[in-house]
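Hi there,

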Amino acid sequence: MDKLNLTLTAVKNLRSSVRQCFEQLADGTDGEGVEESRNKFVHDFQDRFGAINSQLREVEQLINGLQVPATAYHLGNTTFLAQETSQDRQALYPQLVNSYKWIDKVHDHSFLAFNNLNQNTLRRSYNYCSQKRQRLPFTSFNNDPDHIDKLLSEINHPPHTSYKVLRPFGSNAVAIVSISNVLKAAIVFKGVLIEWVTIKGYDEPLDHDDLWAESRYEVFRKVQEHAHSAMLHFFSPTLPDLAVKSYVTWLNSHVKLFLEPCKRCGKYIANGLPPTWRDLRTLEAFHEECRNS
Amino acid sequence: MGVTVLQPYPMPEGKSGAYIIDHLGKRLLSLGATHAGQFLVDCETFISTPQHGTPTRAVHVLHNSECPASTFSIIDNGTGKQVALVADNIFDLLMLKMTNTFTSKKQTKIESRGARFEYGDFVIKLGSVTMMEHFKGVLVEIEYKPCITLSYCWEMIREMLQGFLSINVGKEYPSYFTTQTIMNAMGQQQLHKQNDIYEPMDTIKQYLEQFTNYRKHVQMHSAMGGTVGPVMMNTVVGMGRP
């Protein structure tokens with residue numbers, strides 16, 4: 001390292017001597033006492049030139065004395081400096097300003113949100129959850145086969161509905177629900193949470209080998225779509241038992257799938273389909289088109 | 001196999017069968033239905049040769065293009081009791097061998113054929129009924145595939161029928177499905193056909209009921225629309241049963 005420093009200093013000296021030499025050449029003579037000043041000028045130049053020569057030799061010697069490093073120096077991010085040096089072309093500055101603004105905004109907003117959530121007396125999310133967070137997810141994912149059997153047997157189902165519980169995937173349960181002579185549904189559980197629902201017609205096969213195939217009838221494909229959105233609506237990791245019970249109650253309302261006219265338009269058929277949507281709270285029948293208009 | 005209902009279309013005066021079928025087909029297409037092939041249901045009746053002491057029995061042999069591998073037969077002993085049988089297509093050849101006991105009444109061979117439409121899960125067939133190439137009437141068949149019991153979906157089917165036929169369809173179940181009281185070994189029993197699970201045979205029995213009605217009215221309608229039959233035949237030629 002010392003040698004390198006010496007060499008760098010020598011290069012620096014050489015550069016400054018060369019610079020001085022050129023400065024002197026550029027200045028020229030002062031123009032009075034012609035002969036004398038010219039001699040002095042030439043003499044000075046020869047001196048400086050000699051110094052440059054000696055310094056050049058010195059630099060060469062030092063460079064020869066330097067050892068070639070075994071590996072390349074690790075320069076970190078500074079290596080990239082060599083690739084593009086022009087600041088204007090990198091366009092870093094506007095991006096930097098933008099991201100700074102964003103961080104500022106995020107900070108402001110999160111501060112406001114934090115204050116609001118803390119003032120909220122309902123406390124649905126923040127503090128309430130943080131206390132229970134360690135415990136609750138485990139109860140919903142907890143896979144206790146007896147518990148699910150008990151839960152499904154507890155659901156007071158109308159006489160036209162029958163349940164059959166299978167366990168084709170180890171301990172996770174699949175409930176095959178037959179609702180009257182209207183439809184069959186397979187509810188795939190993960191623990192106590194409902195993971196997937198398949199709806200099929202009463203005359204279609206539905207067994208554990210083939211839980212994911214769609215019904216061949218348009219109406220049951222539509223019902224399955226609605227069943228999935230209802231599944232997300234009733235999803236509640238904090239009260240999984242209640243979620244399953246309300247979901248099954250909702251599903252049971254499909255017993256009158258073909259029998260009930262739409263609550264809004266009073267018709268049975270719209271676009272070739274009966275009222276496939278059941279209101280999540282009141283269980284009333286609606287066409288898909290009628291439910292929000 | 002869903003619930004199927006047959007609805008005879010009352011023929012307005014002065015309109016030909018081809019016009020009616022064309023008109024109804026256009027209505028279905030504008031409703032959003034799609035044309036999905038052709039269909040054919042035919043019926044041939046064999047009468048047992050009279051023997052001493054036994055009443056004559058009729059065997060109706062029917063085919064439905066919806067169930068192309070099957071031959072349906074219904075034995076009718078004349079007292080209202082019917083025995084139904086579903087067999088493979090080779091049953092037709094068996095009937096040919098039984099000419100000693102059963103003779104075919106060729107002149108009563110009757111069939112309903114025409115276009116088939118699909119609308120959602122509905123299958124709608126606009127059939128023109130012809131007997132001996134004489135046009136008899138228009139028979140509309142509507143099937144709702146996802147449902148297997150008529151009592152569940154009769155209101156839907158009724159709304160659909162009224163919608164595109166623009167005729168009034170009664171609120172009560174069609175005559176074939178109405179409650180029947182029969183006597184058997186268990187005593188008097190009521191049959192609630194509208195609550196039973198629907199079978200292909202039920203379609204065939206409905207067709208037989210309608211065909212029998214048309215046969216009864218042979219004289220009444222023979223003068224009307226007689227030329228339509230062969231015209232319709234040409235349009236669907238080559239579609240016959242396999």
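**What I found**

In chain A, 50% of the contacts with a separation of 6 or more are between residues 24 or more positions apart. Please keep in mind that this is a predicted model.

Let's begin with the overall make-up. Chain A has nine helices and six strands. Of its 293 residues, 19% are buried.

Now find the sheet. It is an open one with four strands in the order β1-β2-β3-β4 (chain A), and the pairing is antiparallel. Which strands stand at the edges? They are β1 (161-169) and β4 (193-201) of chain A; each has a single partner strand, so one side of each has no neighbour in the sheet. On average, and ignoring direction, neighbouring strands of this sheet are turned by 20 degrees against each other.

β3(A) and β4(A) pair in the antiparallel sense over eight bridges.

Helix α9 (residues 240-252) of chain A lies across β1, β2, β3 and β4 of chain A, and runs at about 15 degrees to β4(A).

α9(A) also has a helix partner. The axes of helix α8 (residues 218-234) of chain A and α9(A) come within 9 Å and cross at roughly 150 degrees. Because of that angle, α8(A) is roughly antiparallel to α9(A). The crossing of α8(A) past α9(A) is right-handed. Which residues of α8(A) meet α9(A)? On the α8(A) side they are A227(A), A230(A), M231(A) and F234(A), and on the α9(A) side they meet A243(A), S246(A), Y247(A), W250(A) and L251(A).

Finally, turn to helix α4 (residues 92-119) of chain A, where you can check a length yourself. With 28 residues at 1.5 Å a residue, α4 should span 40 Å, and its end C-alpha atoms are 41 Å apart, so the two values agree. Is α4(A) well covered or hardly covered? It is hardly covered: the count of buried residues among its 28 residues is zero.

Enjoy exploring it, and write back with any questions!

Best wishes

Notes:
Residues are numbered from 1 along each chain as its sequence is written. Chains are lettered from A and ligands numbered from 1 in the order in which they are written. This is a predicted model: local features need pLDDT of at least 70, side-chain atom pairs count only at pLDDT 80 or more; totals for chains, interfaces and linings use all residues. Two strands pair if DSSP finds at least two bridges between them. Helices (H or I, at least four residues) and strands (E, at least two) are DSSP runs, numbered from the N terminus. Axes are lines fitted to C-alpha atoms, for helices over the stretch in contact, and angles run from 0 to 180 degrees between N-to-C directions. Two residues are in contact if their C-beta atoms, placed from the backbone, lie within 7 Å. The expected span of a helix is 1.5 Å times one less than its number of residues. A residue is buried if 20 or more other C-beta atoms lie within 10 Å of its own, exposed if 12 or fewer, and partly exposed in between; C-beta atoms are placed from the backbone. Angles under 35 degrees count as roughly parallel, over 145 as roughly antiparallel, 65 to 115 as roughly perpendicular and the rest as oblique. A crossing is left-handed if the near helix is turned anticlockwise from the far one by less than a right angle, and right-handed if clockwise.
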